[in-house]
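Reader: I would like to go through the terms applied to this model and see what each one rests on. Please start with how the elements are named.

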Amino acid sequence: MVIKIIKVAPYYAKLLLTGMNDIIAYLLILKKEILPLIGSKEGIVHICMTYLQEGDEVLIPNPGYPAYAAAVRLSGATAVPYTMTEENDWLPNLNELEQTDLSKVKIMWINYPHMPTGSKATTSFFEAVIAFGKKYNILICHDNPYSFILNDHPQSILETEGAKDVAIELNSLSKSSNMAGWRIGMLCAAEERINEILRFKSNMDSGMFLPLQLAAAKALSLDSAWYTELNAAYQKRKDKALELLDLLSCSYREDQVGLFIWAKVPEKYTNGYQLSDEVLNKARVFITPGGIFGDAGNGYIRVSLCATEAVFEEAIARIRG
């Protein structure tokens, strides 16, 4: 078997598709529309360096993952945050964006399940954002690493009709397969997009180490029992996280999915930073202030489910004093 390690080992690609519950298996062509990444974060940089230059603009979510803005800066382009709100289910207001000057916008970053808010996208939103991208010639980049965490209905933007004409999707095994640190991710897109990004990537590295591809293939060959067991553990952590947030009198939506819990701070606090500082100083427990994800997150905090139940129990005990 001839294996093009710079692109994708065939057995890895096949198991990648079946391991993703066939969400996009019927849409992607084996060996041509999947690009293995040394972690999905590098894909964010590769996309920006491939398609952007000085003078271009990029729409990035506020609140959102800080790596989008960093990658845009590296490319020389300008990040233009779009503000999202709880009232709009933390989805972009495409009607408002259409009232702005989009003539220099080349890329729009979206991320669902959303980090940090845990919000899910809807099929109608994916249809609308694909239409938006086509109308304004904007590449829609969907960062989707939390799709299998506490989420009964994983979605891919590539399920949307016509999506491959204008969309790229990233995913990762870090969360769904407990392989954080292994740096195993993937980029899914039309073949011409893969080849365009590969021209940049091939000058940065020589592809994923083959034994890691084999490990990824093994992980992806596991049946749904793996995800059931994984999510049972995350649900127990989520229950503890909500107990902690109740202790702090924070409010939150219980339908959040993904690896984090997003909560609104009580009105007595000016912002999430104030509550975070108070808890840190009094209980020696650190909780991430929502403002680090953009000013639209100032009134919130974020709790990660990466901590074990024992750590949550210790944090709760310290806060109770």
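Author: Helices are DSSP runs of H or I with at least four residues, strands are runs of E with at least two, and both are numbered from the N terminus. With those names, Asn137 is found in the loop between H5 and E5. This is a predicted model, in which local features need pLDDT of at least 70 and side-chain atom pairs count only at pLDDT 80 or more, while totals for chains, interfaces and linings use all residues. Residues are numbered from 1 along each chain as its sequence is written, and side-chain values use heavy atoms, with hydrogens and water left out.

Reader: Why is Asn137 called exposed?

Author: The classes rest on relative accessible area, computed with a 1.4 Å probe on protein chains only: buried is under 20%, exposed is over 50%, and partly exposed is in between. Asn137 has 65%, which is over the 50% limit, so the residue is exposed. Its phi is near 55 degrees, a positive value in a residue other than glycine.

Reader: Where does Trp90 sit, and what makes this residue count as buried?

Author: Trp90 is in the loop between E3 and helix H4 (94–98). Its relative accessible area is 3%, under the 20% limit, so Trp90 is buried. Trp90 also has a positive phi, near 55 degrees, in a residue other than glycine.

Reader: Which residues does Thr117 touch, and why is Thr117 called buried?

Author: Contact means heavy atoms within 4.5 Å. Leaving aside residues up to four places away in sequence, Thr117 touches Pro63, Trp90, Gln256 and Trp262. Thr117 has 3% relative accessibility, under 20%, and therefore counts as buried. Its place is the loop between strand E4 (105–110) and helix H5 (123–136).

Reader: What makes the pair Thr117 and His114 a polar contact?

Author: A polar contact is a pair of N or O atoms within 3.5 Å; within protein, one must be able to donate a hydrogen and the other to accept it, and residues adjacent in sequence count only if both atoms are side-chain atoms. The side chains of Thr117 and His114 are joined at 2.7 Å, so the distance meets the 3.5 Å limit.

Reader: How do you know that the side chains of Asp56 and Lys106 are in polar contact?

Author: The distance between them is 3.4 Å, so this pair too lies within 3.5 Å. Asp56 is in the loop between H2 and E2. At 8% relative accessible area, under 20%, Asp56 is buried. Lys104 is 48 residues away along the chain, yet the C-alpha atoms of Asp56 and Lys104 are separated by 5.3 Å.

Reader: What makes the bond from Asn62 to Pro63 a cis peptide bond, and where does Pro63 lie?

Author: Omega is near 5 degrees for the bond from Asn62 to Pro63. Pro63 lies in the loop between E2 and H3. Another cis bond joins Tyr112 and Pro113, with omega about -5 degrees; Pro113 lies in the loop between E4 and H5.

Reader: Which residues of helix H3 are buried, and what do they pack against?

Author: In H3 (residues 66–75), Ala67, Tyr68, Ala69, Ala71, Val72 and Ser75 are buried. They pack against helix H2 (40–51), strand E2 (57–62), strand E3 (78–83), E4 and strand E5 (139–143). Just after H3, Gly76 has a positive phi of about 95 degrees.

Reader: What makes a space a cavity rather than a pocket?

Author: On a 1 Å grid over the protein atoms alone, a cavity is a set of points where a 1.4 Å probe fits but cannot get out, while a pocket is an open set with protein on both sides within 12 Å along at least five of seven lines; lining residues have an atom within 4 Å of a point. Grid points are joined across faces, edges and corners, and the volume is the space filled by probe spheres set on the points. The largest pocket holds about 270 Å³, and Asn151 is among the residues nearest its centre.

Reader: From which domains is the lining of the largest pocket drawn?

Author: Domain bounds come from an automatic or database domain assignment, which gives domain 1 (22–222) and domain 2 (225–320). Each contributes at least three residues to the lining of the largest pocket.
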